[in-house]
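Colleague: I have a new model open and I'd like to learn how to read it. Could you walk me through a few features?

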Amino acid sequence: MALNYKPLWIQLAKKGLKKTDVIAMAGITTNVMAQMGKDKPITFKKLERICKALS
């Protein structure tokens, strides 16, 4: 099963946020965002931080 973060990118666009904004808001590293940009897996802990930051 392939990962796809497209729904997240759509939500960011709707909220007018950039990836760098999410990095700062969620307290994640640029490496995590790079992994997501390549549709590679990240930990649930990191995903939870992103979800909380975006409400």
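This is a predicted model: local features need pLDDT of at least 70, side-chain atom pairs count only at pLDDT 80 or more; totals for chains, interfaces and linings use all residues.

Colleague: Which residues of helix 2 and helix 4 meet?

Modeller: From helix 2 you have Val-22, Met-25 and Ala-26. On the helix 4 side they meet Arg-49, Ile-50, Ala-53 and Leu-54. Sort the residues of this contact by type and you get six nonpolar, no polar and one charged.

Colleague: How far apart are Gly-27 and Ala-53 in sequence and in space?

Modeller: They are 26 residues apart in sequence, and their C-alpha atoms are 8.9 Å apart in space. You can read other pairs in that way. Leu-47, which is found in helix 4, is 21 residues along the chain from Ala-26, with 9.2 Å between the C-alpha atoms. Leu-47 is partly exposed, at 31% relative accessibility. Then take Lys-15, in helix 1 (residues 6-15): Lys-15 and Leu-54 are 39 residues apart in sequence, and 9.1 Å apart C-alpha to C-alpha. Lys-15 has a relative accessible area of 44%, so it is partly exposed.

Colleague: Let's turn to rings. How many aromatic pairs does a search of the whole structure find?

Modeller: The general idea is that a pair of aromatic rings is described by the distance of the centres and the angle of the planes. In this model, the search finds one aromatic pair. The partners are Tyr-5 and Trp-9, with ring centres 6.5 Å apart and planes at 55°, so the pair is tilted.

Colleague: Is Tyr-5 buried or exposed?

Modeller: Tyr-5 counts as buried because its relative accessibility is 11%, and buried means under 20%. Trp-9, at 23%, is partly exposed.

Colleague: What lies over the face of Trp-9?

Modeller: That's Lys-19, at 4.4 Å from the ring centre. So Trp-9 takes part in two features: the tilted pair with Tyr-5, and the face with Lys-19 over it.

Colleague: Now backbone angles. What is the phi of Asp-39 near?

Modeller: The background is that most residues other than glycine have a negative phi. Asp-39 has a phi near 55°, which is positive, in a residue other than glycine. You'll find Asp-39 in the loop between helix 3 (30-37) and helix 4 (44-54). Its relative accessible area is 35%, so Asp-39 is partly exposed. Ser-55 also has a positive value, with phi near 60°. Ser-55 sits in the segment after helix 4, and it counts as exposed, at 85% relative accessibility.

Colleague: One last thing, the start of the chain. Which residues is Leu-3 in contact with, leaving aside its neighbours within four places in sequence?

Modeller: Those are Asp-39, Lys-40 and Pro-41. Leu-3 lies in the segment before helix 1, and its C-alpha is 8.8 Å from that of Met-36, although they are 33 residues apart in sequence. With 34% relative accessibility, Leu-3 counts as partly exposed.

Technical notes:
Residues are numbered from 1 along each chain as its sequence is written. Side-chain values use heavy atoms; hydrogens and water are left out. Rings of Phe, Tyr and Trp (its six-membered ring) pair if their centres lie within 6.5 Å; planes under 30 degrees apart count as stacked, over 60 as edge-to-face and the rest as tilted. Buried means under 20% relative accessible area, exposed over 50%, partly exposed in between (1.4 Å probe, protein chains only). A charge sits over a ring if NZ of Lys or CZ of Arg is within 6 Å of the ring centre and within 35 degrees of the ring normal. Helices (H or I, at least four residues) and strands (E, at least two) are DSSP runs, numbered from the N terminus. Contact means heavy atoms within 4.5 Å. Ala, Val, Leu, Ile, Met, Phe, Trp, Tyr, Cys and Pro count as nonpolar, Asp, Glu, Lys and Arg as charged, and the others, Gly among them, as polar.
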